[in-house]
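The following questions and answers work through a structure step by step, moving from one site to the next. Please keep the sequence and the model in view while reading.

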Amino acid sequence: MNDKKRAIKISPIRKGTVIDHIRCGQSLKVLKILGLTDVEIRDVVSIAMNVESSSGKKDIVKVENKEISSEELDKISLISPETTINIIRDYEVIKKQRVNLPKRVSGIVRCRNRNCITNQREPVDPEFKVISSEPVNIKCIYCEREMKEEEISENLL
Amino acid sequence: MKLKGEFNKDHVVSIRDFSIEEIEYVLDKAELMEPIAQGHETTDILKGKILANLFFEPSTRTMLSFEAAMKRLGGNTIGFANPDVSSSKKGETLADTITVASSYADIVVLRHPQEGAARLASKFSSKPVLNAGDGAGQHPTQTLLDLYTIRKERKEISGNKIGIAGDLKYGRTVHSLTHALSMYDTELTFIAPPPLQMPKEILRRLSEGGIGYEQHENIDEAVEDLDVLYVTRIQRERFPNEEEYLKIADSYNVNLETIEKAKKDMVIMHPLPRVDEISPEVDKTPFARYFEQAANGIPVRMALLSLLMGVEL
Ligand SMILES: [Zn+2]
């Protein structure tokens, strides 16, 4: 609780989204998942890596002006399930929640199975059924191969 | 007559889509098909219907058995067994091939070298899709005919101690069979050299589901209390050299000496083709059921075709 206040205090934002408790080293992948690496993005995005906190080191991402939808943010849970989200208006946290793993995931990660039909030139997005959230385990609905957290993070689209 | 309730699948893609009730329902239907499958009776319930056999990799036996099953029901077949003649060589996607083929035929049977191909096909096909094997993935008609054989030979699937021998690590047919058997009340014995044993993940799931299992390194030490011995091939490619392979292959040979230790009514099964796992001398013994098992593919596939087409005997 305390460290959250401190983290926001480091450089408070007036309005936007603070993505906190990102697993150490995963912040760049979080940006990628949220499409924030796109050159078109105009809002200020700041990243803090290896921030000390009561529960060890973590990464933090702040996106100014943008209130990212929880549906978008839930995708982060695939690579960093402990992440929390703070929606900020007028320097105040108006909404705070943990990311939730959706039941189905598509368009974020490719199947780790090289011989999976979704890795061929076919007109479908890879799609996965979430079979467990702690630890994260998803299953390709096509080839039925399962992927754990590390494999997911290696196969982000 | 359209069937309701018991079997409301549009496609048969994976055995994991089946409940135990649905499996039993298919096996009951297969039993009814027996006299027709054996040629003692005839029917034309699928008269005028066309099955498209799309075999993107060769598997003569599977293709023939679908052809026989369709023709026993009075239907016709079209198709190809050689990927060179298919348009995929010209760069067409599977999705397009399926879209077109399903407009020519009433049911599509697909064999494909890539895993997940049948699921993809089911999304693009306007007609039922039957998976006849996708890469190292699913081959549900094989699993169903294995279950049918066990039930036919042993009266029931539950209550049996079933030994599965061979390449248990990479053999996905064996994984599907294990999954299906774990829905029944069976005891399982996995027989494989340590590097080819059942993946830990699958063993963990069996334990969680309260399914008892044993593990053995060779057939001889496991055979004596088995009701069914299911033998599969150990592939040469899995071993670093010929010497290593021969050493292992030798201890995986079922011969007259092996069956001397077995229960009198034990049943030996094999998905075929076999190489050296079962000596030909075993073929003439009452233990051998692998040729009957292959023949059982016909009534099982007939049952699936009629169910998917919504036509009852
Ligand atoms: Zn896949």
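Contact here means heavy atoms within 4.5 Å. The model is predicted.

Q: What arrangement do the 4 donor atoms around the zinc ion make?
A: The protein donors are the SG atoms of Cys111(A), Cys116(A), Cys140(A) and Cys143(A), which lie 2.3 to 2.4 Å from the zinc ion. Along the chain these donors follow the spacing C-x4-C-x23-C-x2-C, and both Cys111(A) and Cys116(A) are buried. Because the 4 donor atoms subtend angles of 97 to 117°, and four donors count as tetrahedral if all angles lie between 85 and 135 degrees, the arrangement is tetrahedral.

Q: What area do chain A and chain B bury between them?
A: The size of an interface is often given as the accessible area lost when the parts come together. Here the contact takes 19 residues from chain A and 21 residues from chain B. Of the area buried between chain A and chain B, 45% is on carbon and sulfur atoms, and the area itself is about 1,600 Å².

Q: Which elements give two or more residues to the side of chain A that touches chain B?
A: Between chain A and chain B the count is 13 residue pairs in polar contact, both residues being at pLDDT 80 or more, and the count of salt bridges is 4. One salt bridge joins the side chains of Glu115(B) and Arg145(A), at 3.2 Å from N to O. On the side of chain A that touches chain B, the elements giving two or more residues are strand E8 (136-140) and strand E9 (146-148) of chain A.

Q: Is Leu272(B), which has a positive phi, buried or exposed?
A: Leu272(B) is not a glycine, yet its phi is positive, at about 55°, and the peptide bond from Leu272(B) to Pro273(B) is cis, with omega near 0°. The place of Leu272(B) is in the loop between strand E9 (267-269) and helix H11 (290-308) of chain B. Because its relative accessibility is 14%, and buried means under 20%, Leu272(B) counts as buried.

Q: How many residues apart are Arg154(B) and Asp265(B)?
A: Arg154(B) forms a salt bridge with Asp265(B), with the closest N and O atoms 3.4 Å apart. This pair links distant parts of the chain, since Arg154(B) is in helix H5 (residues 140-154) of chain B and Asp265(B) is in the loop between helix H10 (256-260) and E9 of chain B, and the two are 111 residues apart.

Q: Which residues do salt bridges that share partners join into one network?
A: Arg274(B) forms a salt bridge with Asp283(B), where the closest N and O atoms are 2.6 Å apart. Another salt bridge pairs the side chains of Arg205(B) and Glu201(B) at 3.1 Å, N to O, and these two residues both lie in helix H7 (residues 200-208) of chain B, 4 residues apart. The network joined by salt bridges that share partners is made of Glu146(A), Glu201(B), Arg204(B), Arg205(B) and Glu208(B).

Note on methods. Residues numbered from 1 in each chain as written. Chains lettered and ligands numbered in written order. Predicted model: local features only at pLDDT ≥ 70, side-chain atom pairs only at ≥ 80, totals over all residues. Heavy atoms only, no water. Donors = N, O, S within 2.8 Å, 3.2 Å for Na, K, Ca; no water. Tetrahedral: all angles 85-135°; square planar, octahedral: opposite > 155°, others 65-115°. Buried < 20%, exposed > 50% of the residue type's maximum accessible area, 1.4 Å probe, protein only. Buried area = accessible area lost by both parts, 1.4 Å probe. Polar contact = N/O pair within 3.5 Å; in protein donor to acceptor, adjacent residues only side chain to side chain.
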